[in-house]
Amino acid sequence: MYSTCTILDRENGKIVDEFLSEHDEFSIVPFELPGPIGKVESGQITLWPHRHGTDGFFIAKLRKEVFGMTDHEKKTTSENFTAKVMSAVLSLRRYTVTPDF
């Protein structure tokens with residue numbers, strides 16, 4: 001999982017692209033976020049304050065091919081990790097400052 005608290009592409013998608021170009025054993029994989037966002041088929045997403053009600057975040061899920069694990073073991077490990085990360089990210093919402101206009 002690669003995540004930042006910025007919406008700048010040079011710190012998000014471009015970093016992921018560069019990393020992937022240098023590490024053939026990794027690939028981007030889809031993941032799911034709780035709530036209305038749901039499934040992220042592209043494997044990466046930018047959360048925008050005005051669209052998602054959060055601070056600006058970028059999340060990309062990368063998977064390294066691990067030999068010797070069954071598909072079920074890989075899926076379970078990945079799902080547990082994603083759930084823990086998303087719980088932490090969503091808990092940050094309570095610290096988001098909403099301006100009074």
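**What covers the helix.** I started with the buried residues of α1, where buried means under 20% relative accessible area, exposed over 50% and partly exposed in between (1.4 Å probe, protein chains only). Their cover includes β1, β2 (26-28), β5, β6 and β7 (62-64). The element names are DSSP runs, numbered from the N terminus: helices are H or I with at least four residues, strands are E with at least two.

**Ground rules.** I kept in mind that this is a predicted model, where local features need pLDDT of at least 70 and side-chain atom pairs count only at pLDDT 80 or more, while totals for chains, interfaces and linings use all residues. Residues are numbered from 1 along each chain as its sequence is written, and side-chain values use heavy atoms, with hydrogens and water left out.

**The helix itself.** Which residues of α1 are buried? I found Gly13, Val16 and Leu20. They span an arc of only 60 degrees around the axis, which puts them on the same side of α1; the arc is taken over the directions from the helix axis to the C-beta atoms.

Next I traced the strand order: 3 strands make an open sheet, β1-β6-β5, with antiparallel pairing. Two strands pair if DSSP finds at least two bridges between them. β1 and β5 are the edge strands, each pairing on one side only. From one strand to the next the twist averages 5 degrees. α1 packs on this sheet and touches β1, β5 and β6, with its direction at about 20 degrees to that of β6. For the angles, axes are lines fitted to C-alpha atoms (for helices over the stretch in contact), and values run from 0 to 180 degrees between N-to-C directions.

**Bridge by bridge.** How many bridges hold β5 to β6? I counted off 4, in the antiparallel sense, with β6 covering residues 57-60. Leucine 47 stands opposite phenylalanine 57, threonine 46 has phenylalanine 58 as its bridge partner, and isoleucine 45 is partnered by isoleucine 59. On the β1 side, 3 bridges join β1 to β6, again antiparallel. There, serine 3 stands opposite isoleucine 59.

**Faces.** β5 (residues 44-47) has a covered face with Ile45 and Leu47, and an uncovered one with Gln44 and Thr46. In β6, Phe57 and Ile59 point one way and Phe58 and Ala60 the other, and all are buried.

Is threonine 6 buried or exposed? It counts as buried, because its relative accessibility is 15%. A polar atom of its side chain lies 3.2 Å from the backbone nitrogen of leucine 8. Beyond its neighbours within four places in sequence, threonine 6 is in contact (heavy atoms within 4.5 Å) with Glu11, Asn12, Gly56, Phe57 and Phe58.

Asparagine 12 lies in that loop between β1 and α1 too, and at 1% relative accessibility asparagine 12 counts as buried. Its side chain makes a polar contact with the side chain of threonine 4, at 2.4 Å. A polar contact is a pair of N or O atoms within 3.5 Å; within protein, one must be able to donate a hydrogen and the other to accept it, and residues adjacent in sequence count only if both atoms are side-chain atoms. Leaving out neighbours within four places in sequence, I listed Tyr2, Thr4, Thr6, Ile7 and Phe58 as contacts of asparagine 12.

**Over to β7.** Leucine 62 sits in strand β7. Leucine 62 is 36 residues from phenylalanine 26 in sequence, yet 6.2 Å away C-alpha to C-alpha. Among the contacts of leucine 62 I noted Val16 and Leu20, along with Phe26 and Ile28.

**Whole chain.** Last, I checked the overall make-up: 3 helices and 7 strands, and 27% of the 101 residues count as buried.
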